[in-house]
Amino acid sequence: MSLFKEFTKGFWKENPVLVLVLGMCPTLATSSDAVKGLAMGLATTFVLVCSNLVISVIRKLVPGKIRIPCYIVIIATFVTVVKLLMQAYAPQAVYQALGIFLPLIVVNCIVLGRAEAFASKNGLLASAADGLGMGLGFTFVLVCLGCVREFLSAGTLFGVSMQCWDNGFALMGQAPGGFILLGLILAGMNLLNMHKAKKAGIKYEPPAEFDCRHCSICKLSTEEPAKMK
Amino acid sequence: MKDMTKASNPFYLAFFLLVVCGVSTLVMAYTAVKTEEPIRISQAKETADSLKMILPAFDNDPASGAIDLTSPDGAPVKLYTALNGGAVVGYAAEASASGFGGKVSGIVSFKPDGTIDTVIVKSGHSETPGIGTKVTDRSVKRTISDVVKGVKPDTSKLPPNAALDSYSGVKPGDSKWTKDKDAVHFVSGATYSSNAVCDLVWYASTAVRDYLASQSESKEAN
């Protein structure tokens, strides 16, 4: 696959939130407004790109038995780095609003998922393109969800009043509202894919490799990742 | 025969993990050292900006002479004293309380006699947008028409907030305001946030009241 395709697949075809349905916890918690969603998305993108790069470089050196602890340590390092950088240089309001969800990027399944499913099996540039695409795809969804939720709950977008909605739809500002909205978006995506498949005269089935069956994290195998199916 | 190749030798695995952890520690330590000063500056700037907004003009550095107090309820309170020409022009006390989405921190400014002047809630709280934020936010309201017309927001004065402004001019123990039974402004639907603001103002003002009482006692004794 070309580098461009590796980069763009994260936006729609293999979007981490809308297709892979990974990283639900930060998605629901930090998409209550657009600014928070943007900051969280960019922080995750930084961690994704850096961890993918390092894991891709050392993929042939890491013994299969301890690859997951190694990946977690690498990811945790970059999360600590991004946390310190945001604390130092980002607006305090944004840093404090992200709160516990910033250190929790360590356990975001998108980051570990891409390390195990992609970076541990591919070269440097492809891994960087994959990390950047997935990260920006995640950011895109967080900002879109954040815009809708912020508008419905407070009538603003990025803190600017739109002067056309002042009904204070409180549910959307909270996690259940985010869940409902995300469910509606996923249903819409499925409808769109089914409609496309119907037009092409085939039955739509979600590709098996997009769900957790493609990931080898759960397999307690001692084989090297490259040897795994 | 036992497989003792490099990839399965436990000593090699432990050594490899140790190397990875060692390199990670170095990277984190380097970043921590490099960001220590910017983090301190950023935090000091946030406090200094808040104090400038809520206190009358002062010529000292209130943050450097901050005193740690404890309110009668046991809550920690940080007290800043603003001086102008050596005379006290006001106090500011920082306290926090539990809101709907976590801790809500705020700074309350006082006149020299202990009367509440202004209340601001520090940025970064997790109250519900559109509901809890009605109690906590003093953000400058920008509308889409302002953005289109290029109107710049007025940052010369503190934006109003009915809930926070309702504390101005009262003292703890006044007939107007006692904890849990008050005349201050509560926002319907945002009980947790309103309670959090009420609690933090209470902690700050009771701590300042006791501090001023102890100061006047020591003056009399002298």
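Reader: In which sense do S2(A) and S6(B) pair?
Author: Strands, like helices, are DSSP runs numbered from the N terminus, with at least two residues (E) for a strand and at least four (H or I) for a helix. Two strands pair if DSSP finds at least two bridges between them, and S2(A) and S6(B) are joined by two bridges. At residue level, Ser161(A) stands opposite Thr143(B) in S6(B). The sense in which S2(A) and S6(B) pair is parallel.

Reader: What conventions and confidence rules apply to this model?
Author: Residues are numbered from 1 along each chain as its sequence is written, while chains are lettered from A and ligands numbered from 1 in the order in which they are written. This is a predicted model, in which totals for chains, interfaces and linings use all residues, side-chain atom pairs count only at pLDDT 80 or more, and local features need pLDDT of at least 70.

Reader: Which strands stand at the edges of the open sheet, and why is one side of each left without a neighbour?
Author: The open sheet has three strands in the order S1(A)-S2(A)-S6(B), with mixed pairing. The strands at the edges each have a single partner strand, so one side of each has no neighbour in the sheet; they are S1 (156-157) of chain A and S6 (142-143) of chain B.

Reader: Which residue stands opposite Thr156(A) in S2(A)?
Author: S1(A) and S2 (residues 160-161) of chain A run antiparallel and are joined by two bridges. Across this pairing, the residue opposite Thr156(A) is Ser161(A).

Reader: Which element gives the most residues to the side of chain A that touches chain B?
Author: Counting two residues as in contact if their C-beta atoms, placed from the backbone, lie within 7 Å, 36 residues of chain A are in contact with 33 residues of chain B. The elements of chain A that give two or more residues to this side are helix H4 (67-89), helix H5 (92-98), helix H7 (124-154) and S2. With 12 residues, the element that gives the most is H4(A).

Reader: Where in chain B is confidence highest?
Author: On the pLDDT scale, which gives the predictor's confidence in each residue from 0 to 100, chain B averages 83, and 88% of the residues score at least 70. The lowest mean, 52, belongs to strand S8 (residues 181-182) of chain B, whereas the highest, 92, belongs to helix H1 (residues 10-54) of chain B.
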